[in-house]
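Please read the following report alongside the sequence and the model. It takes up a few residues in turn, and then turns to the core and the surface.

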Amino acid sequence: HLRSLPFISRIGLWGRSMGAATSVLRAGDDWSLGAMVIDSPFSSLPVVARELVNSQAVAVPDFILNMALQMVREEIQTRAGFDIQELLPIRRAPHA
C-alpha cells in the first residue's frame with residue numbers, strides 16, 4: 001500500500017525479536033527497502049523455541065519437546081503453508 005502513494009519514496013523496517021527476524025527475511029528478497037532497525041532477531045525458529053522451553057525452571061524431556069515441535073510444525077504447514085524448519089533468517093541475512 002505505501003509504495004502506491006506518490007509522497008512515499010523509501011520504506012524502512014523496524015522490528016524486535018519476531019519482527020526483526022521477519023524484517024531480515026523480507027530484506028533478503030526486497031532490495032528497495034531504505035533502511036532497517038532490527039533488535040534481537042532469532043536465527044532459527046526451532047532453535048529459539050527450544051531455548052525458550054529449556055530456560056524454564058522445569059526441565060522438559062527432549063522426546064516431549066520434539067513431539068510438541070513436530071505437532072506445531074504440522075499444524076503451521078496445514079494452516080499457513082510453510083515449514084518452521086525452513087524459517088531461518090540467518091540464511092537470508094547475507095542477502096539483506
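## Leu52 in helix 2

Leu52 lies in helix 2, residues 45-54, where helices (H or I, at least four residues) and strands (E, at least two) are DSSP runs numbered from the N terminus. Leu52 is exposed, with a relative accessible area of 57%; buried means under 20%, exposed over 50% and partly exposed in between, with a 1.4 Å probe and protein chains only. From C-alpha to C-alpha, Leu52 and Leu2 are 35 Å apart in space, and 50 residues separate them in sequence.

This is a predicted model, in which local features need pLDDT of at least 70 and side-chain atom pairs count only at pLDDT 80 or more, while totals for chains, interfaces and linings use all residues. Residues are numbered from 1 along each chain as its sequence is written, and side-chain values use heavy atoms, with hydrogens and water left out.

## Asp30 in a loop

Asp30 belongs to the loop between helix 1 (18-27) and strand 2 (35-39), and it is buried, with a relative accessible area of 9%.

## The nonpolar core

Ala21, Phe42, Leu45, Ile84 and Leu87 are the five residues of the largest nonpolar core, a set of buried Ala, Val, Leu, Ile, Met, Phe, Trp, Tyr and Cys residues joined through side-chain atoms within 4.5 Å. Leaving aside residues up to four places away in sequence, Phe42 touches Ser17, Met18, Ala21, Val48, Leu87 and Pro89, contact meaning heavy atoms within 4.5 Å.

## Met67 in helix 3

Met67 is found in helix 3, residues 62-80, and is exposed, with a relative accessible area of 52%.
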